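Thank you for making time for this one this morning.

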Amino acid sequence: MPEKRVSQARIVRTYEFPTKPEKQTLGQYLYNSQDGKILGRTAKNWAQLMIFYAAFYTVLAALFAICMQGLLVTLNHQYPKWQLDESRIGSNPGLSYRPRLEDSEISSIEYTAANKTSVGEWVGQINAFLEPYVDNTKLPGGGKNQAICDFNTPPKPGQVCAFDVKNLGECSAAEGYGYNKSAPCIFIKLNRIYGWVPQFYEDVDDLPADMPEDLTSHIRSLNPADRKQVWISCKELTNAEDDLLGPVQYYPTRGFPSYYYPYMNVEGYLSPLVAVHLARPIPRRPISIECRAWAKNIIYRGGMRDRLGSLHLTLHIE
């Protein structure tokens, strides 16, 4: 039987390797006259791309405008939507003081009493702070709605009580606020909270046990109507055997009177001030000072962090 032969065909596979693109010059990349491409894209591609991004950013801007308009509709420039305990600020006002250098995060007053430049820096800070108090034309509306108030004459609707800087005693501008005499003044104010009304210590039998004795004596000496104030007390925190702070005086009163409250964002309103005069602090020694506000609805917490109803500063006079 004849032997069968099977012929096997050899399959030869050929591979085509990609060719390197032809190098282009910068001019050809900017505009290729062969295929009409500009920067690697045809005019049609560029048109499609521009239309897409124009539509995309138009829709994005429209959505942003709708969101902003919806937000602005819910806002009121006269009063905040969320007030007191419902707001982020809450209903416990803090204390702040001047002079304070704006570019400094340290709560301290340090200067050399014999150096006019050093003194002038702090005096200038106080002058700038008190400018709207001295000249009410600097206020919105020119201060036309300010009125002279007392405990028997509260402000009328649409009016605010003026604060008289002429009754600051040793803390007046004429006295240089005491800085050149090594007896500086610190101006304290209560931070504004819309609609907040203080609860005063009107009953002398209801005064807190930790209230300073000199403050309790002062409150007891007043008429019942004059006790409607948010009281201020300052004391030394320095751990030293000697009394570094010395006597402390308060002008024009020792508190913030009731007729300044509540704060209702009325045009021309200025926060009442208490000028704390440090009559004879010991020089060349750092003195740690705490000032506290006293009202039934002001929560106090000391310490270096999360302080409430009080402030802390360091005084150092050379």
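Predicted model: local features only at pLDDT ≥ 70, side-chain atom pairs only at ≥ 80, totals over all residues.

Let me begin with a working definition: a disulfide here is a pair of cysteine sulfur atoms within 2.5 Å. As for where the two ends sit, Cys-149 belongs to the loop between β5 (146-147) and β6 (160-161), while Cys-161 is in strand β6 itself, and the pair links distant parts of the chain, 12 residues apart. Both ends fall under the 20% limit for buried residues, with Cys-149 at 12% relative accessibility and Cys-161 at 3%.

How many disulfides does the structure hold? There are three, and, if we number the bonded cysteines of the chain in sequence order, the pairing reads 1-2, 3-4, 5-6.

Another of these disulfides joins Cys-171 to Cys-185, with an S to S distance of 2.1 Å, and at -85° about the S-S bond this link is left-handed. Cys-171 lies in the loop between β6 and β7 (185-190) and Cys-185 in strand β7, so the bond ties together parts that are 14 residues apart in sequence. Cys-171 is buried, with 0% relative accessibility, and Cys-185 is likewise buried, with a relative accessible area of 0%.

Is the link of Cys-234 and Cys-291 left-handed or right-handed? With 110° about the S-S bond, it is right-handed, and the sulfur atoms of Cys-234 and Cys-291 are 2.0 Å apart. Here Cys-234 comes from strand β8 (residues 229-236) and Cys-291 from strand β12 (residues 287-294), so the pair ties together parts that are 57 residues apart in sequence; both cysteines are buried. By contrast, Cys-67 counts as exposed, because its relative accessible area is 55%.

That brings us to the sheet, in which β8 and β12 both take part. Five strands form an open sheet in the order β4-β13-β12-β8-β10, with mixed pairing. At the edges stand β4 (108-111) and β10 (255-257), each with a single partner strand, so one side of each is left without a neighbour in the sheet. From one strand to the next the twist averages 15°.

Finally, the cores, and which residues have the most contacts inside the largest one? They are Phe-187 and Ile-188, in a nonpolar core of 60 residues, to which helix α3 (residues 116-134) contributes the largest share, seven residues. As general background, nonpolar side chains in soluble globular proteins tend to be buried together.

Key. Residues numbered from 1 in each chain as written. Heavy atoms only, no water. Pairing = 2+ DSSP bridges. Helix = DSSP H or I, 4+ residues; strand = E, 2+ residues; numbered from the N terminus. Axes fitted to C-alpha atoms, helices over the stretch in contact; angles between N-to-C directions. Buried < 20%, exposed > 50% of the residue type's maximum accessible area, 1.4 Å probe, protein only. Core = buried A, V, L, I, M, F, W, Y, C linked by side-chain atoms within 4.5 Å.
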